[in-house]
Amino acid sequence: MRYLVIVSCIWAFSFPLIKHYLSGIVDNYFAILVRFVLAFIVFLPLMRFHTNLRLALKLMGIGALQIGVMYIFYYNAFLYISASEVALFTIFTPFYVTLIYDICHRRLRSLYFISVAMAVFGAYIIRSGAIDSGFVIGFLLVQVANICFGAGQSLYKYTIEQEKVSNQAEVFGFFYLGAIIVGVLSFVTLGDVDKIPSFSLNSPQWIVLIYLGVIASGAGYFMWNKGVSMSDSGVVAIMNNAMIPLVVLVDWLFWGRQMQSESLIKLICGGVVIFVSLAVHYWIMRWYNRTNLRRI
């Protein structure tokens, strides 16, 4: 679990950094590609290239989905909603993890929809009276990103267990290699070369990109997925949402995000409803566990 805690703290800074220094300034697809390349370079000296081809291809596919496709939707969400809202709406990730797992095993734990509906209501409270097309688009983009990220976690955990991988660091570079393929394709087809910042170590955009690539992506995704493979599914689900209040706190403390009293009250009320939905969700999860249904 310590890996998950450390990464949650690291990622708490990622949301505001993207919103304040990259979104709308640096081409999204270029930023995504740079993150993946830097993360791959971090693990390049550790890679064991003569590894099992089947395992390498699986990890490449997981990386392409979990962070490659996910980041395309995730980065574009910042064009429509705030960093705090992006973080807040990742709260649905545990639901997608369990739903995708249920689909794989041809079953459906329908009571989970109760907690998800409560979380949706909490999100509505936060933006009641101010829901526009931009908010809806941003919300939906985050949900697609959540699905990709949740599916990737489940598939990674399953693959590591099935392939009996003893040293994950030796093969994790393939995870980033798969993401790079998606990054290259998205940048070539959708990228805007006019929004590529000129390279300078004094440039705040490049400082943020290096941090996101080396620390948040390079070290972060390895430690997160390693933590996922070592942890109980309930712990993983909880930690998927632990960074949400951290992001809001970081955004306020370091970037001085101001809120009107009415908006603050809505945020608090909606946040309470969302966290109550989490409590309900985990109560339902424990109930299913007591009925001897398989856990993730």
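User: Where do I start, and what should I know about the model?

Analyst: Welcome! This is a predicted model, where local features need pLDDT of at least 70 and side-chain atom pairs count only at pLDDT 80 or more, while totals for chains, interfaces and linings use all residues. Residues are numbered from 1 along each chain as its sequence is written, and side-chain values use heavy atoms, with hydrogens and water left out.

User: How many helices and strands are in the protein?

Analyst: Helices (H or I, at least four residues) and strands (E, at least two) are DSSP runs, numbered from the N terminus. Here there are twelve helices and zero strands, so the pattern along the sequence reads α-α-α-α-α-α-α-α-α-α-α-α.

User: What share of the residues of the protein count as buried?

Analyst: Buried means under 20% relative accessible area, exposed means over 50%, and partly exposed lies in between (1.4 Å probe, protein chains only). Of the 296 residues in this protein, 55% count as buried. Helix α2 (residues 14–22) gives an example: its buried residues are S14, F15, P16, L17, I18 and L22.

User: How do I describe two packed helices?

Analyst: Two packed helices are described by the angle between their axes and the distance between the axes. Axes are lines fitted to C-alpha atoms, for helices over the stretch in contact, and angles run from 0 to 180 degrees between N-to-C directions. Angles under 35 degrees count as roughly parallel, over 145 as roughly antiparallel, 65 to 115 as roughly perpendicular and the rest as oblique. Take helix α4 (residues 53–77) and helix α9 (residues 172–190): their axes come within 6 Å and cross at roughly 45°. That is why α4 and α9 are oblique to each other.

User: Is the crossing of α4 and α9 left-handed or right-handed?

Analyst: A crossing is left-handed if the near helix is turned anticlockwise from the far one by less than a right angle, and right-handed if clockwise. For α4 and α9 the crossing is right-handed.

User: Which residues of α4 and α9 meet?

Analyst: Contact means heavy atoms within 4.5 Å. On the α4 side the residues include A56, L59, M60 and I62, and they meet α9 residues including F174, F175 and Y176. The contact of α4 with α9 has 15 nonpolar, five polar and no charged residues.

User: At what angle do α3 and α9 pack?

Analyst: Helix α3 (residues 28–43) packs with α9 at about 155°, and their axes are 8 Å apart. These two helices are therefore roughly antiparallel to each other, and their crossing is left-handed. Among the residues that make the contact are Y29, F30 and L33 of α3 and F172, G173 and Y176 of α9. By class, this contact of α3 with α9 has 16 nonpolar, three polar and no charged residues.

User: And how do α2 and α10 pack?

Analyst: Their axes are 10 Å apart, at an angle of about 155°. So α2 and α10 are roughly antiparallel to each other, and α2 passes α10 in a left-handed crossing. Here S14, L17, I18, Y21 and L22 in α2 meet residues of α10, including P204 and Q205. The residues of this contact of α2 with α10 divide into ten nonpolar, two polar and no charged.

User: What does G227 touch?

Analyst: Not counting residues up to four places away in sequence, G227 touches Y3 and L4. G227 is also found in α10 and is buried, with a relative accessible area of 1%. The C-alpha atoms of G227 and R2 are separated by 7.5 Å, although these residues are 225 residues apart along the chain.

User: Where is K164, and is it buried or exposed?

Analyst: K164 lies in the loop between α8 (133–163) and α9. K164 is exposed, with a relative accessible area of 70%, and has a positive phi of about 55° although it is not a glycine.

Technical notes:
Nonpolar A, V, L, I, M, F, W, Y, C, P; charged D, E, K, R; others polar.
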